[in-house]
Each structure stands twice: as structure tokens, then as C-alpha cells.
Amino acid sequence: MDRVVDLDEAAVLMLERVARWRAAGLEVGEMTWRDWEAKWPQPLETDRARVNDPDSLGVVISGSAEAELQVVLFRGGWADVDFFDGGHDFGALPASDIASSWDFAARMDQWVARVFGSLGSVQ
């Protein structure tokens, strides 16, 4: 798989947002990593040190009314993004052609706003 997105850099950019998300009342789960070299089925690890060759980085963010955003970023430049806004809106969000970790961070801001609404300084 091509290495389009630096997952370690994406994790740092996500961590920069976590305190603001939590201050806005969101619950942010531990980031999960998957190792490209691990035998199938590849386990998800929460300890980055246990992953030699990361090919994905995931996180689950939850809010009020059972709203939830699940994001798995792949180093190849795409993400699986599923959401439920706590009301009647749910599904997958488009997430292809992610060009960099900074592009991913900007999209995370958009996805969080889409699912949980405006969080003030988070956006």
C-alpha cells in the first residue's frame, strides 16, 4: 500500500484536537493502530509501540443523544468514516483522496462539525 499519509503525524494533529473536543463534552476513545505486517486477522493496538508498520489509525468520538463518529484513516490516502448524529441522520461520509495528514486534520474538523454541530473554538 502506498504511503500517502503519515499516520504518526495525523495522530499528533488529532491529539491536538482531543482536549478541545473533550472540553466541548465529547468522549474520545483511544486511538487504534493496525500493523501492515501482522498476521490476519490483524489486531487493533492502542499502544503505537506495538505496531511496526502502521497502515491504519482509528478513533471513535461520541456525544450526546448517542451521536457517534467512527473514523479509520489508511496510509494510502482514504478513510472509512461512519456516523450517527443522534437523530435521524446516519451513514458513511466521503473520504477519499486524502493528500496529507494536514488534509486529514481539516477533514476531521469538518466531520466533527457535521456530526456534533459547531463546537466553537474546535472548528
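Two strands pair if DSSP finds at least two bridges between them, where strands (E, at least two residues) and helices (H or I, at least four) are DSSP runs, numbered from the N terminus. The model is predicted, so that local features need pLDDT of at least 70 and side-chain atom pairs count only at pLDDT 80 or more, while totals for chains, interfaces and linings use all residues. Residues are numbered from 1 along each chain as its sequence is written, and side-chain values use heavy atoms, with hydrogens and water left out.

**Exercise 1. Find the strands that pair with β4, and name some of the bridge partners.**

Step 1. Begin with β1 (residues 27-28), which runs antiparallel to β4 and is joined to it by two bridges; here Val-28 stands opposite Ile-61.

Step 2. Turn to β2 (residues 32-35), which is also antiparallel to β4 and has four bridges to it, with Ser-56 of β4 as the bridge partner of Arg-34.

Step 3. Continue to β5, where seven bridges form an antiparallel pairing with β4, and where Phe-74 is the bridge partner of Ser-56. Five residues lie between the strands of this hairpin, and Ala-65 takes a positive phi near 55°.

Step 4. Check the cover of β4: seven of its nine residues are buried (under 20% relative accessible area, with a 1.4 Å probe and protein chains only).

**Exercise 2. Describe the surroundings of the side chain of Asp-35.**

Step 1. Look for backbone nitrogens instead: that of Asn-52 lies 2.7 Å from a polar atom of the Asp-35 side chain, and that of Asp-53 is reached at 3.2 Å.

Step 2. Leaving aside neighbours within four places in sequence, the residues in contact with Asp-35 (heavy atoms within 4.5 Å) include Gln-42, Arg-50, Val-51 and Asp-55.

**Exercise 3. Follow helix α2 from its N-terminal end to the residue after it.**

Step 1. At the N-terminal end, Ser-100 caps α2, with a side-chain oxygen 3.3 Å from the backbone nitrogen of Trp-102.

Step 2. The helix has 16 residues (101-116) and reaches 22 Å from its first C-alpha to its last, close to the 22 Å expected at 1.5 Å a residue.

Step 3. Its buried residues include Phe-104, Trp-111 and Phe-116, and what covers the buried residues includes α1 (7-23), β4 (54-62), β5 (68-74) and β6 (78-84).

Step 4. After α2 comes Gly-117, whose phi is positive, near 85°.

Definitions and conventions
The expected span of a helix is 1.5 Å times one less than its number of residues. Buried means under 20% relative accessible area, exposed over 50%, partly exposed in between (1.4 Å probe, protein chains only). A polar contact is a pair of N or O atoms within 3.5 Å; within protein, one must be able to donate a hydrogen and the other to accept it, and residues adjacent in sequence count only if both atoms are side-chain atoms. Lys and Arg count as positive and Asp and Glu as negative; His and the chain ends are not counted. A salt bridge is a side-chain nitrogen of Lys or Arg within 4 Å of a carboxyl oxygen of Asp or Glu.
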